[in-house]
Amino acid sequence: MTSSSTSSRKNLSKIACNRLQKELTEWQASPPAGFNYKVSDNLQRWVIEVVGAPGTLYANETYRLQVDFPEHYPMEAPQVIFMNPAPMHPHIYSNGHICLDILYDSWSPAMTVSSVCISILSMLSSSTVKQRPEDNDRYVKNCRNGRSPKETRWWFHDDKV
Amino acid sequence: MDSEDDMHDANDLDSLDDDFYSGETEDAPMDYYTDYDDDADDYFDDGDDSDPADSRRPEQNFTILKESDIRQRQEDDISRVAAVLSIPRVAASILLRHYNWSVSKVNDAWFADEEQVRKTVGLLEKKVYENPDANELTCGICFEVYPPSKIQTASCGHPYCFSCWGGYIGTSINDGPGCLMLRCPDPSCGAAVDQDMINLLVSAEDKEKYDRYLLRSYIEDNKKTKWCPAPGCEHAVNFDAGSGSYDVSCLCSYSFCWNCTEEAHRPVDCGTVSKWILKNSAESENMNWILANSKPCPKCKRPIEKNQGCMHMTCTPPCKFEFCWLCLGAWTDHGERTGGFYACNRYEAAKQEGVYDETEKRREMAKNSLERYTHYYERWASNQSSRQKALADLHQMQTINIEKLSDTQCQPESQLKFITEAWLQIVECRRVLKWTYAYGFYLAEHEQGKKQFFEYLQGEAESGLERLHQCAEKELQVFLNGDGPSKDFNDFRTKLAGLTSVTRNYFENLVRALENGLCDVDSNGAASSKATGSKNAAGSSKGRGGRGKGTIRASMSSRITDDNHWSCEQCTYANVRSATACQMCNQPRR
């Protein structure tokens, strides 16, 4: 789905490698509740399993997040998308793109994969209805050819969900 | 005063002692050329040397700022806020940026609720984060452990190493002017990152960029300032709203409208200008083929390219036909030789006389709207290019020809100022005239009275300008190319200076009338006899008669404009009673 953009990405900088090593070590010592890191030897792409929190619309459902890191992580935000099938959610498009400000404009290098994961789970948990965003079809059509969600100009107009 | 009182004759020095100039810059000395002999002194500088090309205004309500001025003002504002609020300069800078560089808004907000302002802007008074171990600190970005000397914090205390700060700030600076509002990287912390930290932590190149953004912000985020829109110009304009026009004139010589930032378009309003510009862009495809750069000579049909500024064309020998570039009619039908009848600005007149092809009426109907537009567009565009040419000529005059003329005619350069003044007047008049065509296009068809009055004033102004332009462009050549001093030079001076002030008066009348919305026209379409411009005429030059609305009546009913003057039949110039021939065109008095 996004492999074309990933393959052309530059390798991680030394700073990014060091930071990711530390994040991974920390993750393995105390993983955030509800998440499971799928072990691989690719530091630049993490695959993380998410289990919907009990008592929410997504309880006991498992989804997978794909996290790709840019050369200058953490100065630049990671690209985070849901792998197919993406959960039905008003802020998650059927191609897996997530409308969440901290992944784009509001990213700060003081955030981590772990803090991003917690935000995403919180977003899922607060949903009251399982449906796609209203503009899903139009958006997904525009995103063909593997465009990254980081190239989208997002409007974060709804902070309730 | 009524308008007749304004019609001083050029030579009537006695009339100068009234309060003619009361509205003009009071303290500017009047700069008569007192060393001219007798009747050559009818021209003078109005004392407003800074932008003589402008239409007069009572006082300048704007200031042009060079980069050094901008920096100075910004520094002064920061110092004032820092002093009044007793905070560091970098904090004052952040506050001002947040309140769009309004010192009063900063003061008001601060003294209303300092705590709230500090929170919003991110100027914390004490740390919100204490490090558990004072000897070993973990950078919140790279998670490496450092001694305190390698760690830097904003007012909040969140620790980051020098290298991560550098990366964080550098990324933000390269993202754009948002870096001016930079906060601590901690997502829950709003502490501001000030310029001292930036100067400590980033490369010289990034510091320079930040500095530029800060300077730009002072102009762009401030409601009272804008950059000059001329390409390559780095000056800014500070504008004090209130009375007066929106026209501002930059040191780079570009004049623009403060309100809409299009080029200066007084007396036409911003709405008309924006409609006209939109219309032009929509019609430009059609215009391209209609308005080729050349026209055939109306007599011999050889193609002619216009390369000079005025509309009086002379075909090359042997044809030598003289015609008007705009209507392609014989020049003898224009201006002085037919008693001042100049109608080439009138769309209806041209149509009624069948100048436009009327044989196929139906086709005509369909073409009519485009043709009407073409009429106005062509005149608008011709004046635009004529103005460009005049600007180039003015430059040529100032840099080369004045000096040359000073040599050949043995005149000090100070005595040749009237030539520069003439060219400045031409440039300004072309600009005004150009916009009056946009005005004319939108003038409602059914308002016949207004339309006639407008076209009358426009025609007067335009014919005056054509005479002036021709005189400055062609008659000057003789003296430029002459071998030595010419005894005719003083006559030329008198003529050109006279034409300059005559034309200025015509245009002032036109500008005033349009700014009044042509409100002096009653329903019958006759110009009201009540003079409008006389109060404002305080700013008009001495010159000779400001031909206000009163003149319409005067020229229709009587050749005598007042007790001291008579109006020339041929060119309508208001001559002193004692003159037996017209001072302007030498027509004998009848």
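## Helix pair in chain B

Helix α11 (residues 417–442) and helix α12 (residues 448–481) of chain B pack at an angle of about 145°, and their axes are 10 Å apart. Helices (H or I, at least four residues) and strands (E, at least two) are DSSP runs, numbered from the N terminus. Axes are lines fitted to C-alpha atoms, for helices over the stretch in contact, and angles run from 0 to 180 degrees between N-to-C directions.

The contact, defined by C-beta atoms, placed from the backbone, within 7 Å, includes B:Ile419, B:Trp423 and B:Leu433 from α11(B), and B:Phe454, B:Leu465 and B:Leu476 from α12(B). Its residues divide into 12 nonpolar, five polar and one charged. Ala, Val, Leu, Ile, Met, Phe, Trp, Tyr, Cys and Pro count as nonpolar, Asp, Glu, Lys and Arg as charged, and the others, Gly among them, as polar.

## Basis of the model

The model is predicted: local features need pLDDT of at least 70, side-chain atom pairs count only at pLDDT 80 or more, and totals for chains, interfaces and linings use all residues. Residues are numbered from 1 along each chain as its sequence is written, with chains lettered from A and ligands numbered from 1 in the order in which they are written.

## Sheet

In chain B, an open sheet of three strands has the order β3-β9-β8 with antiparallel pairing, where pairing requires at least two DSSP bridges between two strands. Its edge strands are β3 (62–65) and β8 (225–227). Three bridges join β8(B) to β9(B) (residues 236–239), and B:Trp227 stands opposite B:Ala236.

## Backbone geometry

The peptide bonds from A:Tyr73 to A:Pro74 and from A:Asn84 to A:Pro85 are cis, with omega near 0°. A:Pro74 is in the loop between β3 (62–68) and β4 (79–82) of chain A.

B:Phe143 has a positive phi of about 60°; B:Leu518 has a phi near 55°. B:Phe143 is partly exposed, with 18 other C-beta atoms within 10 Å, whereas B:Leu518 is buried, with 20. A residue is buried at 20 or more such atoms, exposed at 12 or fewer, and partly exposed in between, with C-beta atoms placed from the backbone.

Definitions and conventions. Contact = placed C-beta atoms within 7 Å.
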